[in-house]
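Thanks for coming, everyone. I have one structure to show today.

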Amino acid sequence: MSSSPKWVHKIIQPMRQTKRFFREPGFRSALFTQLFQAKHVHQTTPLTAMDRYPVIFNACRDYFEGKENLNILSYGCSTGEEVVTLRNYFPNATIIGAEINKRSLAACKKRQTDEKISFVYSRIDEIRKHGPFDAIFCMAVLQRKPHHMAETGTSSLKKIYPFEKFEHTITELDDLLRPNGLMVVHFTQYDLLDTAVASKYEAFGPYTQHDYKSPVFDKNSEVRRNPAPQKIIFKKTSK
Ligand SMILES: C[S@@+](CC[C@H](N)C(=O)[O-])C[C@H]1O[C@@H](n2cnc3c(N)ncnc32)[C@H](O)[C@@H]1O
């Protein structure tokens, strides 16, 4: 945290934001998404990279080894790097990237891909047309401002990102996942095993969010004190 007095921070912060608003189209589009898609949007920043989670992607590839005709969803695919990465791990799969930020989605659609990749605007009815899925990846999506939460020591997410919003999305996605499919939920402030669909899932493998920057929260949206690192990959064991 900066060592300058709080009142200096209060003046400088809005000035910085205003400057970014006029200079950075990506910043503007994230802000518009937050304003106009408030009900549906989770994490607002589009930060992404190629092959961002190799250990997790490898584990999923090994799990599905030998299985043909996989159908995969990348929920919150940003500008498409995750989808292109998944193609390298799953050369024959059908892969759908769903994204709520229209600027990011436009960048996805400009990519030269193959006929088994498509990008859709993220609405559950639209995504459902492409399901059911064998694997759903929600990577760095089901969270809000993780670094800010870590810096400020926030004890409740109730106002900014309540548990119910996370649970609602997990429940909708669960409905689109086949039995024995994998739900992969990484960099999230809540735990799938706290949701109403938890009894259908078991954690798969030793993979945890040990390097997550944000605190994590319980089903009352209150911070957990000294939690064990959350699991990431979940196998759907019953319908
Ligand atoms: C930090 S990026 C993560 C991108 C990628 N999954 C990764 O891990 O590299 C989060 C993305 O989730 C998107 N997002 C947030 N809410 C969403 C929703 N309801 N449906 C689809 N995408 C959403 C944001 O627009 C943003 O592009």
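I'll go from the overall layout to the strands, then the core, the loops and the ligand.

One caution before we start. This is a predicted model. Please keep that in mind throughout.

Layout, then. The protein chain is split into two domains: domain 1 covers 6–36, and domain 2 covers 54–236. Taken over C-alpha atoms, their centres sit 27 Å apart. How many residues bring the two domains into contact? Five from domain 1 meet four from domain 2. On the domain 1 side of that contact, two residues are nonpolar, three are polar and none is charged.

Now the strands. Start with E1, residues 71–75. Is E1 buried or exposed? Five of its five residues are buried, so E1 is largely enclosed by the rest of the structure. Look at the two faces. Asn71, Leu73 and Tyr75 point one way, Ile72 and Ser74 point the other way, and all of these are buried.

What does E1 pair with? On E2, the pairing is parallel, over five bridges. Within that pairing, Ile72 has Ile95 of E2 as its bridge partner. E1 also runs parallel to E4, with three bridges joining them. There, Ser74 is partnered with Phe137 of E4.

So to E4 itself, residues 133–139. Seven of its seven residues are buried, so E4 too is largely enclosed by the rest of the structure. Six bridges link E4 to E5, residues 177–186, and those two strands run parallel as well. One of the partners to look for is Val185 in E5, which pairs with Cys138.

Next, a helix. Find H4, 81–89. Which of its residues are buried? Glu82, Val83, Val84, Thr85 and Leu86 are. The buried residues of H4 pack against helix H3, 54–63, and against strands E1, E2, E3 and E4.

Now the core. The largest nonpolar core has 49 residues. Which members touch the most others? They are Leu73, Ile136, Cys138, Met183 and Val184. E4 supplies the largest share of this core, with six residues. As a general point, nonpolar side chains in soluble globular proteins tend to be buried together.

Click on Ile136. Leaving out neighbours within four places in sequence, Ile136 contacts Leu73, Tyr75, Leu173, Leu176, Leu177, Met183 and Val184.

On to the loops. Begin with Ala93, in the loop between H4 and E2, where E2 spans 94–99. Why does Ala93 count as buried? Because 22 other C-beta atoms lie within 10 Å, and the cut-off for buried is 20 or more. Setting aside residues up to four places away in sequence, Ala93 touches Leu70, Asn71, Ile72 and Lys116. For scale, pick Leu31, which is 62 residues from Ala93 along the chain. Their C-alpha atoms are separated by 33 Å.

A cis peptide bond joins Gly131 and Pro132, with omega about -5°. Pro132 belongs to the loop between helix H6, 124–128, and E4.

Ala140 has a positive phi, about 60°, although it is not a glycine. Is Ala140 buried or exposed? It is buried, because 20 other C-beta atoms lie within 10 Å.

Lys145 lies in the loop between E4 and H7 too. Lys145 also has a positive phi, about 40°, and it is not a glycine either. With 18 C-beta neighbours inside 10 Å, Lys145 counts as partly exposed.

Last stop, the ligand. How many residues surround the ligand? There are 25, and the closest are Thr48, Gly76, Ser78, Ser122 and Met139.

E1 is buried in five of five residues.

Methods. Residues are numbered from 1 along each chain as its sequence is written. This is a predicted model: local features need pLDDT of at least 70, side-chain atom pairs count only at pLDDT 80 or more; totals for chains, interfaces and linings use all residues. A residue is near a molecule or strand if its C-beta atom, placed from the backbone, lies within 6 Å of it. Domain bounds come from an automatic or database domain assignment. Two residues are in contact if their C-beta atoms, placed from the backbone, lie within 7 Å. Ala, Val, Leu, Ile, Met, Phe, Trp, Tyr, Cys and Pro count as nonpolar, Asp, Glu, Lys and Arg as charged, and the others, Gly among them, as polar. Helices (H or I, at least four residues) and strands (E, at least two) are DSSP runs, numbered from the N terminus. A residue is buried if 20 or more other C-beta atoms lie within 10 Å of its own, exposed if 12 or fewer, and partly exposed in between; C-beta atoms are placed from the backbone. Two strands pair if DSSP finds at least two bridges between them. A nonpolar core is a set of buried Ala, Val, Leu, Ile, Met, Phe, Trp, Tyr and Cys residues joined through C-beta atoms within 7 Å.
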